[in-house]
Amino acid sequence: MKWVCNVCGYVYDEEEGDPDNGIEPGTPMDEDFVCPLCGVGKDDFTQEE
């Protein structure tokens, strides 16, 4: 599942994770997730399929 930040456009793909920011592949986005680029929380992301 992919999530797109509504503020800066950062894309988080749960399958790929974000190794550059210490997030292992397969890590689901949780309620504490913070965008590594602009700092907003999960509420400011839109889910894509």
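Rings of Phe, Tyr and Trp (its six-membered ring) pair if their centres lie within 6.5 Å. The exercises below apply this rule and others to the structure above, which is a predicted model.

**Exercise 1. The architecture of the chain**

Task: Determine how many helices and strands the chain holds, and in which order the strands form a sheet.

Solution. 
1. The secondary structure amounts to zero helices and three strands. Along the sequence, this gives the pattern β-β-β.
2. Strand 1 covers residues 2–5 and strand 2 covers residues 11–13; the two pair in the antiparallel sense over three bridges.
3. Strand 3, residues 45–48, also pairs with strand 1 in the antiparallel sense, here over four bridges.
4. The three strands therefore build an open antiparallel sheet in the order 2-1-3.
5. Strand 2 and strand 3 stand at the edges with a single partner strand each, so one side of each has no neighbour in the sheet.
6. From one strand to the next, the twist averages 25 degrees.

**Exercise 2. Residues that face each other in the sheet**

Solution. 

**Exercise 3. The aromatic cluster**

Task: State how many aromatic pairs the chain contains, and classify the pairs Tyr12–Phe33 and Phe33–Phe45 by the angle of their planes.

Solution. 
1. For Tyr12 and Phe33, the ring centres are 5.0 Å apart and the planes meet at 40 degrees. Planes under 30 degrees apart count as stacked and those over 60 as edge-to-face, with the rest tilted; the Tyr12–Phe33 pair is therefore tilted.
2. Tyr12 belongs to strand 2, whereas Phe33 lies in the loop between strand 2 and strand 3, so this pair ties together parts that are 21 residues apart in sequence.
3. Both Tyr12 and Phe33 are buried.
4. The ring centres of Phe33 and Phe45 are 5.5 Å apart, and their planes stand at 85 degrees, so this pair is edge-to-face.
5. The second pair also links distant parts of the chain: Phe33 is in the loop between strand 2 and strand 3, and Phe45 is in strand 3, twelve residues apart.
6. Burial means a relative accessible area under 20%. Phe33, at 9%, is therefore buried, and Phe45, at 7%, is buried as well.
7. Tyr10, Tyr12, Phe33 and Phe45 form one aromatic cluster.

**Exercise 4. The salt bridge and its surroundings**

Task: Locate the salt bridge, and decide whether each of its residues, Glu31 and Lys42, is buried or exposed.

Solution. 
1. A salt bridge requires a side-chain nitrogen of Lys or Arg within 4 Å of a carboxyl oxygen of Asp or Glu. The count by this rule is one.
2. The side chains of Glu31 and Lys42 form this salt bridge, with 3.5 Å from N to O.
3. Glu31 and Lys42 both lie in the loop between strand 2 and strand 3, so the pair ties together parts that are eleven residues apart in sequence.
4. The limit for an exposed residue is over 50%. Glu31, with a relative accessible area of 59%, is therefore exposed.
5. Lys42, at 18% relative accessibility, counts as buried.
6. Gly41 lies in the loop between strand 2 and strand 3 and counts as partly exposed at 28% relative accessibility.
7. The C-alpha atoms of Gly41 and Asp30 are separated by 9.7 Å, and the two residues are eleven apart along the chain.

**Exercise 5. The chain as a whole**

Task: Describe the extent, burial, contacts and surface of the chain.

Solution. 
1. The C-alpha trace spans about 25 × 20 × 20 Å along its principal axes.
2. Of the 49 residues in the chain, 33% are buried.
3. Among contacts with a separation of 6 or more, 42% involve residues 24 or more positions apart.
4. The accessible surface comes to about 3300 Å², and carbon and sulfur atoms account for 44% of this area.

Note on methods. Residues numbered from 1 in each chain as written. Predicted model: local features only at pLDDT ≥ 70, side-chain atom pairs only at ≥ 80, totals over all residues. Heavy atoms only, no water. Axes fitted to C-alpha atoms, helices over the stretch in contact; angles between N-to-C directions. Buried < 20%, exposed > 50% of the residue type's maximum accessible area, 1.4 Å probe, protein only. Contact = heavy atoms within 4.5 Å. Areas by Shrake-Rupley, 256 points an atom, 1.4 Å probe, with all protein chains shown as cover.
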